[in-house]
Every structure is written in structure tokens, then in C-alpha cells.
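User: Hi! Could you walk me through this model while I have it open?

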Amino acid sequence: MRRCWNLATEVFIVNNTWRTHPETPGDIAAIREVTLAAFPTAQEADIIDLLRTKPEAWVDGLSQVATDPDGQVVAHCLATRCVIGQGEALMLGPVAVLPAWQKRGAGTAVVTACLAEAKRQGEQFVVLVGHPTYYPRFGFTRADRHGIGVGIDCPPEAVMALSLNGDPLPAGVIHAPAFGL
Ligand SMILES: CC(C)(COP(=O)(O)OP(=O)(O)OC[C@H]1O[C@@H](n2cnc3c(N)ncnc32)[C@H](O)[C@@H]1OP(=O)(O)O)[C@@H](O)C(=O)NCCC(=O)NCCS
């Protein structure tokens with residue numbers, strides 16, 4: 001698959017152009033709908049709404065949406081403040097794409113937009129718990145190889161980490177209360 005990357009807020013994948021933008025108040029209901037449609041339960045949608053009320057976790061600009069050609073939100077990615085050991089980091093997720101739009105690059109677009117904005121804001125480290133085969137395309141590697149763990153029983157390959165600037169990741173346990181970590 002040929003990919004061309006625009007440093008602004010558009011990601012071009014094959015013949016689809018995905019436009020992304022940071023969440024606005026007008027996107028909040030659509031983000032919940034997309035997340036409810038993508039996951040089997042409301043847990044992830046509820047986590048997003050909870051995180052929006054937590055100033056210690058919420059980072060403006062790191063809730064990114066992708067829109068279809070009509071401007072409708074079809075994908076969403078969130079990154080919020082977490083801690084690894086004693087160091088600040090971001091927790092990526094949830095990531096959700098409307099089922100009808102999956103596997104057409106929208107997920108890649110929102111994750112890329114979220115990571116690019118995090119880097120632009122000077123963030124260094126990102127962790128996540130997710131599909132082990134999806135996130136390596138963005139540079140994520142197994143967190144346990146960097147001495148990073150979670151305090152719960154979880155497949156080790158599902159916990160991943162990324163250094164946005166190439167600095168060594170801090171070791172330690174991830175603390176992200178909204179995710180039960
Ligand atoms: C996972 C998800 C965010 C991916 O977004 P997407 O827009 O469908 O994916 P993209 O078009 O950007 O990327 C397509 C690639 O992702 C892979 N992919 C899609 N869903 C995947 C999954 N659940 N696990 C692993 N890989 C997946 C495809 O196989 C494809 O791989 P390829 O590029 O090697 O052919 C989306 O499918 C989704 O919302 N799923 C339901 C909710 C979910 O599981 N969220 C993530 C939680 S970690």
C-alpha cells in the first residue's frame with residue numbers, strides 16, 4: 001500500500017484522503033457514537049467521557065477525529081496523561097473507527113494525527129494496551145522490552161510503548177487510573 005504523509009492534518013492513503021482535526025465541542029456526541037459502534041460495550045465510550053472531566057489526564061489537542069467527505073466523524077483517537085514509574089507519558093486509546101469505514105485508513109489517520117500533535121506539543125513517551133499486530137506500524141514495540149509493565153494480568157505483547165523523540169523510555173509500572181491501571 002502506498003502512503004504519502006502530509007505534515008499538516010491530512011493523511012493520504014491510496015485514493016482516500018482523510019481529514020483529521022482536534023476534537024471540538026461539536027464532535028463530542030459523534031465521538032461517543034463512533035466508539036459505541038466500534039466496541040462491544042460502552043466501556044470505552046464511558047472512559048472517554050470520564051477522561052474529559054479529568055484535567056490531570058486530559059491534554060487539549062490529543063483527541064483527534066477523522067471525517068468522511070461529508071464531514072461526518074468516522075474515526076477517533078485519544079491520548080491522555082499517564083505515568084510510567086515516576087515519569088510523565090501519554091496513554092493512547094481508545095481508538096475507534098465506524099465499522100463501515102474500517103480497514104480504509106481512517107484508524108491510521110487518527111493515530112498518526114494524535115501522535116504528530118503529541119510530538120508537536122513536546123510529549124516524549126506513549127504507551128498503550130491494544131492489538132499487538134496493529135500498533136507496530138506506528139513504531140510501537142513491546143513495553144516489557146523497555147522495563148515497562150502494568151499492574152494487572154494482561155498479555156505482555158498487548159502492552160506497547162513508543163518514544164516520540166528517540167530518547168530511552170522510562171522503566172516502571174504504568175499508572176492510568178481511568179483504564180484501571
Ligand atoms: C482497530 C481499528 C482502530 C483499526 O482502524 P482501521 O481504520 O480499521 O485500520 P486501518 O485502515 O488504519 O489499517 C488497516 C490495517 O489494520 C489492520 N487491522 C484492523 N483491525 C485490526 C485489529 N483488530 N487487530 C489487528 N490489526 C487490525 C488491518 O488488517 C490492516 O492491516 P494491513 O495494513 O497490514 O493490511 C479499527 O478497526 C477499530 O475501530 N476496531 C474496533 C475497535 C478496536 O478494536 N479498537 C482498537 C483497540 S486496541
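Analyst: Happy to; we can go through the ligand site, a helix, some strands, the core and a few single residues.

Analyst: This is a predicted model, where local features need pLDDT of at least 70, side-chain atom pairs count only at pLDDT 80 or more, and totals for chains, interfaces and linings use all residues. Residues are numbered from 1 along each chain as its sequence is written.

User: Great. Which residues come nearest to the ligand?

Analyst: Gln 102, Gly 107, Thr 108, Gly 130 and His 131 come nearest, out of 16 residues around the ligand. "Near" here is a C-beta atom, placed from the backbone, within 6 Å of the molecule. Two or more shell residues each come from β6 (87–97) and α3 (106–120). Helices (H or I, at least four residues) and strands (E, at least two) are DSSP runs, numbered from the N terminus.

User: And how do the shell residues divide into nonpolar, polar and charged?

Analyst: There are 7 nonpolar, 7 polar and 2 charged residues in that shell. Ala, Val, Leu, Ile, Met, Phe, Trp, Tyr, Cys and Pro count as nonpolar, Asp, Glu, Lys and Arg as charged, and the others, Gly among them, as polar.

User: Switching to α2, which residues are buried there?

Analyst: In α2 (residues 43–51), the buried ones are Glu 44, Ala 45, Ile 48 and Leu 51. Buried means 20 or more other C-beta atoms within 10 Å of the residue's own, exposed means 12 or fewer, and partly exposed is in between, with C-beta atoms placed from the backbone. These four sit on the same side of α2 because they cover an arc of only 130° around the axis; the arc is that of the directions from the helix axis to the C-beta atoms.

User: What do the buried residues of α2 pack against, and what is on the face turned away?

Analyst: They pack against α1 (28–38), β5 (73–84) and β6, with contact meaning C-beta atoms, placed from the backbone, within 7 Å. The face turned away from the buried side carries the exposed residues Gln 43 and Leu 50.

User: OK, β10 next. How many of its residues are buried?

Analyst: Of the 5 residues in β10 (residues 159–163), 4 are buried. It is joined to β7 (residues 125–129) by 5 bridges, running antiparallel, and Phe 125 has Ser 163 as its bridge partner. Strand β8 (residues 141–142) also runs antiparallel to β10, through 2 bridges, and there Arg 142 stands opposite Met 160. Strands pair if DSSP finds at least two bridges between them.

User: Which members touch the most others in the largest nonpolar core?

Analyst: Ala 75, Val 110, Cys 114, Val 126, Val 127 and Ala 161 do, in a core of 54 residues. Such a core is a set of buried Ala, Val, Leu, Ile, Met, Phe, Trp, Tyr and Cys residues joined through C-beta atoms within 7 Å. Elements giving two or more residues to this core include α1, α2 and β10.

User: And Val 111, buried or exposed?

Analyst: Val 111 counts as buried because 26 other C-beta atoms lie within 10 Å. Val 111 is in helix α3 and touches Cys 77, Val 95 and Phe 138, not counting residues up to four places away in sequence.

User: Last one: what about the backbone at Pro 94 and Lys 103?

Analyst: The peptide bond from Gly 93 to Pro 94 is cis, with omega near -5°, and Pro 94 is in β6. Lys 103 has a positive phi of about 60° although it is not a glycine. Most residues other than glycine have a negative phi, and most peptide bonds are trans. Lys 103 lies in the loop between β6 and α3 and counts as exposed because it has 9 C-beta neighbours inside 10 Å.

Conventions: Two residues are in contact if their C-beta atoms, placed from the backbone, lie within 7 Å.
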